[in-house]
Amino acid sequence: MSSVESDYLKRWVGAPITEALTEVALKRPCDPIEYIALWLLKYKENEIKKASDTSNAERLAIEKKKLDEEAKKKAELEEEQNRIAEENAAKKAEIEKALAEQQAKLS
């Protein structure tokens with residue numbers, strides 16, 4: 001077996017096969033071949049689920065970040081609206097005061 005093949009097996013098959021064989025040695029099932037086959041299928045299902053969970057967690061984090069940014073922008077817009085409303089109210093009060101003073105001078 002070449003070093004490339006050996007590296008491949010170590011990388012992709014080594015850990016699950018070692019775990020499966022360890023479990024077979026500990027549990028000593030009646031049909032160890034079937035046990036290993038089913039164990040490996042379950043291992044693969046769990047790996048797919050882990051990958052899916054990781055992907056979902058990453059997407060959730062991205063969506064949460066977007067929601068936080070939107071909430072921040074909304075708060076900033078509300079602050080600006082309040083500031084503008086206060087400025088408008090102050091200008092309106094000045095205009096009303098000036099009109100009242102003019103009317104008082106004319107009267």
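A patch, as the word is used here, gathers residues with over 30% relative accessible area and no salt bridge, with nonpolar side chains joined within 5 Å. Keep in mind that this is a predicted model.

**View 1. A nonpolar patch sits on the surface.** Five residues make up this one: Met 1, Tyr 8, Leu 9, Trp 12 and Val 13.

View 2. Val 13 belongs to helix α1, which runs over residues 3-27. Its relative accessibility comes out at 31%, so Val 13 goes down as partly exposed; patch residues need over 30%.

**View 3. Trp 39 and Tyr 43 stack their rings.** The structure has one aromatic pair. The ring centres of Trp 39 and Tyr 43 are 5.5 Å apart and the planes meet at 15 degrees, so the pair counts as stacked; the cut-off for that label is under 30 degrees. Both residues belong to helix α2 (residues 32-106), and because they are four residues apart there, about one helical turn separates them.

**View 4. Asn 46 is another residue of helix α2.** With a relative accessibility of 36%, Asn 46 is partly exposed. Glu 5 is 41 residues away from Asn 46 along the chain, and 25 Å lies between their C-alpha atoms.

Definitions and conventions: Residues numbered from 1 in each chain as written. Predicted model: local features only at pLDDT ≥ 70, side-chain atom pairs only at ≥ 80, totals over all residues. Heavy atoms only, no water. Patch = residues over 30% accessible without salt bridge, like charges linked within 9 Å, V, L, I, M, F, W, Y side chains within 5 Å. Areas by Shrake-Rupley, 256 points an atom, 1.4 Å probe, with all protein chains shown as cover. Salt bridge = Lys/Arg side-chain N within 4 Å of Asp/Glu carboxyl O. Helix = DSSP H or I, 4+ residues; strand = E, 2+ residues; numbered from the N terminus. Buried < 20%, exposed > 50% of the residue type's maximum accessible area, 1.4 Å probe, protein only. Phe/Tyr/Trp six-rings, centres within 6.5 Å; stacked < 30°, edge-to-face > 60°.
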